[in-house]
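Please open the structure in your viewer and keep the selection tool at hand.

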2 protein chains.
Amino acid sequence: VELADKVLAGDRRAVARLLTVVENGGAKAREVIRYLYPHTGRAHLVGITGAPGTGKSTLVNELAKVFRAQSKQLAILAVDPTSPFSGGAILGDRVRMTDLAGDSGVFVRSMATRGGSGGLASTSGDLIRVMDAAGFDLILIETVGAGQGEVAIAATAHSVVVVEAPGLGDEVQAIKAGILEIADVFVVNKADREGADRAAATLTMMLDLGQGGVNHRLLHHGVLMDVMLRPGSSAQVERWRPPICKTVAIRGQGIAELVEALAGHRAYLQASGELARRERARLANELDHLLREHLVSRLLADVDRTQLAALLEQVVARTLDPYQAVDQLSRGILS
Amino acid sequence: VELADKVLAGDRRAVARLLTVVENGGAKAREVIRYLYPHTGRAHLVGITGAPGTGKSTLVNELAKVFRAQSKQLAILAVDPTSPFSGGAILGDRVRMTDLAGDSGVFVRSMATRGGSGGLASTSGDLIRVMDAAGFDLILIETVGAGQGEVAIAATAHSVVVVEAPGLGDEVQAIKAGILEIADVFVVNKADREGADRAAATLTMMLDLGQGGVNHRLLHHGVLMDVMLRPGSSAQVERWRPPICKTVAIRGQGIAELVEALAGHRAYLQASGELARRERARLANELDHLLREHLVSRLLADVDRTQLAALLEQVVARTLDPYQAVDQLSRGILS
């Protein structure tokens, strides 16, 4: 709690320590979240996602510089094992990041994504909450735009930037895993390379066809979402057409335009009421997720381990199919 | 059941129809699985995974041709929205696949990965079961090697092929999301391109460092796995060192060597007892997953929707944090 007060007062070192507490989970983490929660909801959450090789991290780095020039306080959460922010780069990428080193207005934190996607979303949510309570104006969430879990994290941001680059397995990369549908701003990075115009044209074409954009997002959710999102969720909001920014991040080109596009999107979110809707959807999604985790962990603690081992033997021997085994197990648990 | 008998008799059209039944889920799917389950466990399951742009699909296509020349019956399950097998390609990729069209010894099925990763693993497991019962010698499971869910699917195969290609965002791609650790065979595709030797050398180096290979796999699992895998799981098996195959799939080069490497791995699995261990781990993992799904869906049906909506309002208003809300909800459910 003392640490949490320091965080609220803007102590950066306390932020780092509290993030570790929250990442470790347990009762302490929950206490921290309970304490900080009323102070959250102020930062602009910007998700940045794209395939490896699109130059995402360099882009984040350049974005950070521009925001810093505007005197914004900035936190970066890297949920991407290939990101140099996460220490995942083996070649030379990490060097580039030293531009930001020593600037107390930029706070960088990485998050491991190993070990199952289950807890990823909830942990990242709590880390973001701590950063939010700490008073950062912007929180950039960098994820590799590939797995469902990582896409989901990006999708919870207020503004989602989808980064592409020419020549990476054609335009096919854009289509995968619903990543198009979550974009609020597109970036074609490495725009000095051959194929950049074609990549941008493909995106324009898709937008013309009505794919992508705000109306398609937040559809892929849990059982409870229908209940939670009913009030007001069907209201027609003025439609946002994702702009397409061409950048050459490594030379800092096009970054100012991207910053402007993000500011424009933020203004749209507020004017249209979409911000409140997203915030609500984000929290509903999180409740749904936490409830599942909670129920499962409570119930699995009661599993009869001897029965479990015996049933597995039968499944292995193919005298019982997995569904029958689960039926028997759950009958024991839920009775 | 009649359809299931046709599947067991090798009727390909019945396979297609039954896969749809299983994919749709519900009581019918469970009945089918129950009926077919005793007939499963014979096919060699080969997972093929790699980033978009590595030429995975072309490789699968060429592999299929070589297996067909050996008179093997072959099924392909594409769990990859960018795969031409899934109809995800927008450019010209799909054309290449017509090589296989009209060959009744090759059966192709794709699976959508949209809409949350939750059910992905269990549905794909059931689709594979149907193919297995239908008597295919080999089942190739193509996944984009990026998301946790998709890696998990690949990891359930008996033999996992990890495909790389030079020049795709450096060697960094290999490191991500634990994909190295699940490889039984590495392929450096597009081996005629610059950087192929370096890519292969990097892999060799990593193997020398003891990363990758059989001992690291199947670690990322549920609460119950410790119980289920205890018997025999700590037995030392002769270690398999993943071979590195260089291929130029688009010209059919190196494919015969890859087929040989897969046969070698299959022989190793059988001789070492590792096959039984993997089969057991696969089923334990599936039980764990199904049990969670089952418990959650049973319990969420009992949620008080009025209470839920009211709690969400409080969370949105920040008078209650998400964990407190979940506590209140689950108290109502579990009492």
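A crossing of two helices is called right-handed if the near helix is turned clockwise from the far one by less than a right angle, and left-handed if anticlockwise. The model before you is predicted.

Begin by selecting helices H13 (residues 305-316) and H14 (residues 322-334) of chain A. Their axes come within 10 Å and cross at roughly 165°. Angles over 145 degrees count as roughly antiparallel, and H13(A) and H14(A) are therefore roughly antiparallel to each other. Their crossing is right-handed. Now show the side chains at the contact: H13(A) contributes A:Gln307, A:Leu308, A:Leu311 and A:Val315, while H14(A) contributes A:Pro322, A:Ala325, A:Gln328 and A:Leu329. By class, 6 of these residues are nonpolar, 2 are polar and none is charged.

Next, select helix H3 (residues 26-36) of chain A together with helix H14 (residues 322-334) of chain B. These two pack at an angle of about 115°, with their axes 8 Å apart. That makes H3(A) roughly perpendicular to H14(B). Which residues meet here? A:Arg30, A:Ile33 and A:Arg34 of H3(A) meet B:Tyr323, B:Gln324 and B:Asp327 of H14(B). This contact has 3 charged, 2 nonpolar and 1 polar residues.

Finally, colour chain A by pLDDT, the predictor's confidence in each residue. The mean for chain A is 78, and 73% of its residues reach 70 or more. Select residues 86-98 of chain A, where pLDDT stays under 50. For the complex, the predictor gives an ipTM of 0.78 and a pTM of 0.70.

Methods. Residues numbered from 1 in each chain as written. Chains lettered and ligands numbered in written order. Predicted model: local features only at pLDDT ≥ 70, side-chain atom pairs only at ≥ 80, totals over all residues. Heavy atoms only, no water. Axes fitted to C-alpha atoms, helices over the stretch in contact; angles between N-to-C directions. Helix = DSSP H or I, 4+ residues; strand = E, 2+ residues; numbered from the N terminus. Parallel < 35°, antiparallel > 145°, perpendicular 65-115°, else oblique. Contact = heavy atoms within 4.5 Å. Nonpolar A, V, L, I, M, F, W, Y, C, P; charged D, E, K, R; others polar. pLDDT = per-residue confidence, 0-100.
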